[in-house]
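Biologist: I'm new to this one. Can you walk me through it?

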Amino acid sequence: MKITDVEVICLRIPPMDSPCEWGEDAVIVKVHTDMGIGESDTSPVVVKAIIEAPETNLYCSGLKRLLIGENPLEIQKLWDKMYWASNYVGRRGAGIHAISAIDIALWDIKGKYLNIPVWQMLGGKCRDRIRMYAHITPNVENPTIQEVCSWAEKRVRDGFR
């Protein structure tokens with residue numbers, strides 16, 4: 001099995017040239033072989049640039065170029081390759097977010113190939129329950145304190161703490 005393409009899809013509502021609040025954009029990274037999808041929550045356009053950039057020197061290369069033709073099951077090898085070749089674009093923030101999105105897609109591909117869930121490959125189940133949290137993203141511009149309190153109270157009634 002070989003990687004044939006890495007596709008970056010930038011999503012945003014409202015369109016890119018309009019003002020936007022946090023949480024209204026996303027990036028989806030698809031690593032093509034049989035198909036894996038990774039998602040990273042950072043600036044979609046920046047992740048797209050990091051993945052699709054051409055090579056300019058040994059430590060400054062777009063991630064896609066490094067992956068084409070590689071075996072997607074060799075996840076650690078590919079992570080190391082991406083990490084070392086992205087020195088100039090940054091090993092924090094958006095640089096590591098781009099690597100993370102690809103890494104998630106590679107684990108998805110490997111889980112599908114082996115026909116086991118990713119959590120088993122990562123060491124197995126370690127708890128029976130997980131405390132959830134609710135995020136409040138205002139659906140209006142400049143919400144009042146009363147509106148924010150009302151949304152928070154609804155989340156508490158829904159069982160969140």
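Modeller: We'll take the overall fold, then a few residues. Keep in mind that this is a predicted model.

Biologist: Fine. How many helices and strands does the protein have?

Modeller: There are six helices and three strands.

Biologist: In what order do the elements run from the N terminus?

Modeller: The order is β-β-β-α-α-α-α-α-α. The protein is more spread out than a compact globule, because its radius of gyration is 19 Å, well over the 15 Å that the globule rule gives for 161 residues.

Biologist: What does the C-alpha trace span along its principal axes?

Modeller: About 55 × 45 × 25 Å.

Biologist: And how much of the protein counts as buried?

Modeller: 27% of the 161 residues.

Biologist: What about contacts across the sequence?

Modeller: Take the contacts between residues at least 6 apart in sequence. Of these, 54% join residues at least 24 apart.

Biologist: Charges next. How many positive and negative side chains are there?

Modeller: The protein has 20 positive and 21 negative ones. The centres of the two sets lie 7 Å apart.

Biologist: Let's get to single residues. Where is E70?

Modeller: E70 sits in the loop between α2 (63–67) and α3 (75–85).

Biologist: Is E70 buried or exposed?

Modeller: Buried. E70 has 15% relative accessibility, and the cut-off for buried is under 20%.

Biologist: Which side chains make polar contacts with the side chain of E70?

Modeller: K77 is one of them, at 3.0 Å. The side chain of K81 is another, at 2.6 Å.

Biologist: What else does E70 touch?

Modeller: Leaving out residues up to four places away in sequence, E70 touches M1, K2, I3, K77, L78 and K81.

Biologist: Switching to T42. Where is the place of T42?

Modeller: T42 is in the loop between β3 (36–40) and α1 (44–52). T42 is buried too, with a relative accessible area of 16%.

Biologist: Which side chain does the T42 side chain join in a polar contact?

Modeller: That of H97, at 3.1 Å. Beyond four places in sequence, T42 is in contact with V47, A94 and H97.

Biologist: What about P44? Where does P44 lie?

Modeller: P44 lies in helix α1. P44 counts as buried, at 2% relative accessibility.

Biologist: Which residues is P44 in contact with, neighbours aside?

Modeller: C10, L11, D25, A26 and V27, once neighbours within four places are set aside.

Biologist: How far is P54 from M132?

Modeller: Their C-alpha atoms are separated by 41 Å. Along the chain, P54 and M132 are 78 residues apart.

Biologist: And R65, how far is that from P54?

Modeller: The C-alpha atoms of R65 and P54 are 7.4 Å apart. The two residues are 11 residues apart along the chain.

Biologist: Where is R65, then?

Modeller: R65 is in helix α2. At 41% relative accessibility, R65 counts as partly exposed.

Biologist: Which side chain makes a polar contact with the side chain of R65?

Modeller: The side chain of E55, at 3.3 Å.

Biologist: Last one. What phi does N115 have?

Modeller: N115 has a positive phi of about 60°, although N115 is not a glycine.

Biologist: Where is N115?

Modeller: N115 is in the loop between α4 (93–114) and α5 (118–121). N115 is exposed, with a relative accessible area of 69%.

Technical notes. Residues are numbered from 1 along each chain as its sequence is written. This is a predicted model: local features need pLDDT of at least 70, side-chain atom pairs count only at pLDDT 80 or more; totals for chains, interfaces and linings use all residues. Side-chain values use heavy atoms; hydrogens and water are left out. Helices (H or I, at least four residues) and strands (E, at least two) are DSSP runs, numbered from the N terminus. The radius of gyration is taken over C-alpha atoms; the globule rule is 2.2 Å times the number of residues to the power 0.38. Buried means under 20% relative accessible area, exposed over 50%, partly exposed in between (1.4 Å probe, protein chains only). Contact means heavy atoms within 4.5 Å. Lys and Arg count as positive and Asp and Glu as negative; His and the chain ends are not counted. The place of a charge is taken as NZ of Lys, CZ of Arg, CG of Asp or CD of Glu. A polar contact is a pair of N or O atoms within 3.5 Å; within protein, one must be able to donate a hydrogen and the other to accept it, and residues adjacent in sequence count only if both atoms are side-chain atoms.
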